[in-house]
Amino acid sequence: MEESKRLKKLPPYVFAELDRLKAIERKKGADLIDLGMGNPNIPPPQEVIEALISAIRDAQNSRYPTFDGCPEFRSAAARWCKKQYGISVDENDGVIPLIGSKEGLIHFALAYINPGDKTLVPMPAYPAHFRGTILAGGDPVILETSEKTNFVPDLDRVDPKLADSAKILFLSYPTNPTAAVADKKFFEKAVAFARKHKLIIIHDFAYAEIYFDGKKPISCLSIPGAEEVCIEFHTLSKTFGMAGWRVGFAVGNKELIASLKKIKTNLDYGLFSAVQKAAAVAMDIKGEYLDQMRATYQERRDVLVSGLNELGWEIEKPQASMYIWIKAPSKHDGASFAKLLLEKAGIVVSPGISFGDIGKNYVRIALVESKERLIETLSRMKKANIHN
Ligand SMILES: *Cc1c(COP(=O)(O)O)cnc(C)c1O
C-alpha cells in the first residue's frame, strides 16, 4: 500500500535508530540516564492533581466538551496572560484550548498553508515548526542561525522577495533546542518585518516560564501592533510539568484563532473538560511553585555546564529553557557522539540533526533528571574518558 506523498516528504525519524540502540542497552540491564526527550520530571502542583480528581468525579465532565472550551479555562488563561506577560486576551474569542501546543502548531499549518506555500523557519528548530508545513504540502524555507548570531535569525538578511512570497514566520524564544533567547528589539523588528511582508507570526512560547537569573522572556504579543499578525502558542507541559496531560492554548489575532478553531472543529472534540478545569487551577496558582521549578532547572543547568566545561567544553550557561546544546567532539558528528554516550556511558541525548541538518554536529541535552543523576552523568563521562 502506498503512503501519501505528504507522509513520504517528511524527513526520516532519526530517533528511531537511537530507540533501537536504547532497547538493546536496556535489555543488557543498563541503567540509562535519559536526557534525550524534553520530557519534564518535575511533578505538577498538588492542588492541580486534586482539582483533576474532583473534576473527574463530576459526571458532566465526562461528556464532550464544547468546541470553544470551558469558560473557566478561557478566563484563567486570560488572567494568566495578563499577570505573567502583561498582554490582554479576550476570554471569549481571543483564546482557544489545545490538546497540547504541538497539536495546535500542526493544525494551524493545515489551516493556512496550501501546496507550494512557503514558511520561514529559523533552524535549528523544534520539528513541529517545519513538519506542519510539509504535511500541508508547503515548503519550509530555512533561516540559518548559528552561534555567531546567538541562534537568532538576522531578518535584515532575508531576501525581501522571499519574505513577500512566504506566508508564515515561525518564532520561538526561548528556543528548543538551542536555548536561544530574543529581546524586545528583536520582536519589534520581527513584527515590523511581518507587517511589511504580510506574514503571519507564529510565536511558540513553550519555555515562557523557564528562565534564569531573573531574565524573564517577553511575549511577542506585548509588542504594539503584534496582534494584527501574531498567534502565540502556550503550553502547560513545561511550566507545570504536565506534558502527559496534553494541555495548551493559543492567543492573539482573532481571525487566526477562528481559523484554528474551524479546522479543529473538523478534526477533534477538544480537550477533556476535567483537564481544562484542573489547568485553570494551575494558571491561577499562587506561591512558590514556579520559583521552585526555575530554581530546580537552574541548579541542574549549573551542575551540568560546569561539569562539561571541566571536561573540555567551553559553554556559557543558557539564560532559559531546559536544554544544553553542545558541539560534539571534533572526531564525531552529533549522531555518532550520541551513540558513544549511550554505549559507553548509558547516557541518552538527542542528536542535533533531529532539529534540522544544520544541527548535525551538535547534541541536545535535556535537564530532565535530578541533580544527582546529572552528577552521575558527568562521572560516567569521566570514567569512560569522554571529553571534548
Ligand atoms: C515541548 C515543546 C512544546 C510543547 O508541546 P505540547 O504539545 O504543548 O506538549 C511546544 N513547542 C516546543 C518548542 C517545545 O519544546
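The largest pocket of this structure, which is a predicted model, has a volume of about 1,300 Å³. It is lined by 48 residues, and those closest to its centre are F15, K102, Y126, P127 and A128. Several elements of secondary structure give two or more residues to this lining, namely α2 (15-27), α5, α6 (128-135), β4 (139-144) and α9. The largest share comes from α6, which supplies 5 residues. When the residues of the pocket lining are sorted by class, 27 are nonpolar, 11 are polar and 10 are charged.

**The ligand in the pocket**

Where does the ligand sit? The ligand is found in the largest pocket, and the elements that contribute two or more residues to the shell around the ligand are α5 (101-112) and α9 (236-239). The residues that surround the ligand are G100, S101, K102, Y126, N176, D204, A206, Y207, T235, S237, K238 and R246. By class, the shell around the ligand holds 3 nonpolar, 5 polar and 4 charged residues.

| Side chain | Ligand atom | Distance |
|---|---|---|
| D204, polar atom | nitrogen | 2.6 Å |
| Y207, N or O atom | oxygen | 2.6 Å |
| T235, N or O atom | oxygen | 2.7 Å |

How much of the ligand's accessible area does the protein cover? On its own the ligand has 390 Å² of accessible area, and the protein covers 94% of that area.

Rolling a probe the size of a water molecule over the atoms shows where empty space is left. A search of the whole structure finds 4 cavities of 30 Å³ or more, and the largest cavity has a volume of about 120 Å³. This cavity has a lining of 16 residues, among which P122, P124, S172, Y173 and T175 lie nearest its centre. The elements that give two or more residues to the lining of the largest cavity are β3 (118-123) and β5 (166-171), and of the elements it is β3 that gives the most, with 3 residues. The classes in this lining are 10 nonpolar and 6 polar residues, with no charged residues, whereas the lining of the largest pocket includes 10 charged residues.

Which residue other than glycine has a positive phi value near 60°? The residue is F151, whose phi is near 60°, and F151 lies in the loop between β4 and α7 (160-165).

Notes
Residues are numbered from 1 along each chain as its sequence is written. This is a predicted model: local features need pLDDT of at least 70, side-chain atom pairs count only at pLDDT 80 or more; totals for chains, interfaces and linings use all residues. Side-chain values use heavy atoms; hydrogens and water are left out. A residue is near a molecule or strand if one of its heavy atoms lies within 4 Å of it. A polar contact is a pair of N or O atoms within 3.5 Å; within protein, one must be able to donate a hydrogen and the other to accept it, and residues adjacent in sequence count only if both atoms are side-chain atoms. Accessible areas come from the Shrake-Rupley method with a 1.4 Å probe; for residues, only the protein chains shown count as cover. On a 1 Å grid over the protein atoms alone, a cavity is a set of points where a 1.4 Å probe fits but cannot get out, and a pocket is an open set with protein on both sides within 12 Å along at least five of seven lines; lining residues have an atom within 4 Å of a point. A molecule sits in a cavity or pocket if more than half of its atoms lie within 2 Å of its grid points. Helices (H or I, at least four residues) and strands (E, at least two) are DSSP runs, numbered from the N terminus. Ala, Val, Leu, Ile, Met, Phe, Trp, Tyr, Cys and Pro count as nonpolar, Asp, Glu, Lys and Arg as charged, and the others, Gly among them, as polar. Grid points are joined across faces, edges and corners, and a volume is the space filled by probe spheres set on the points.
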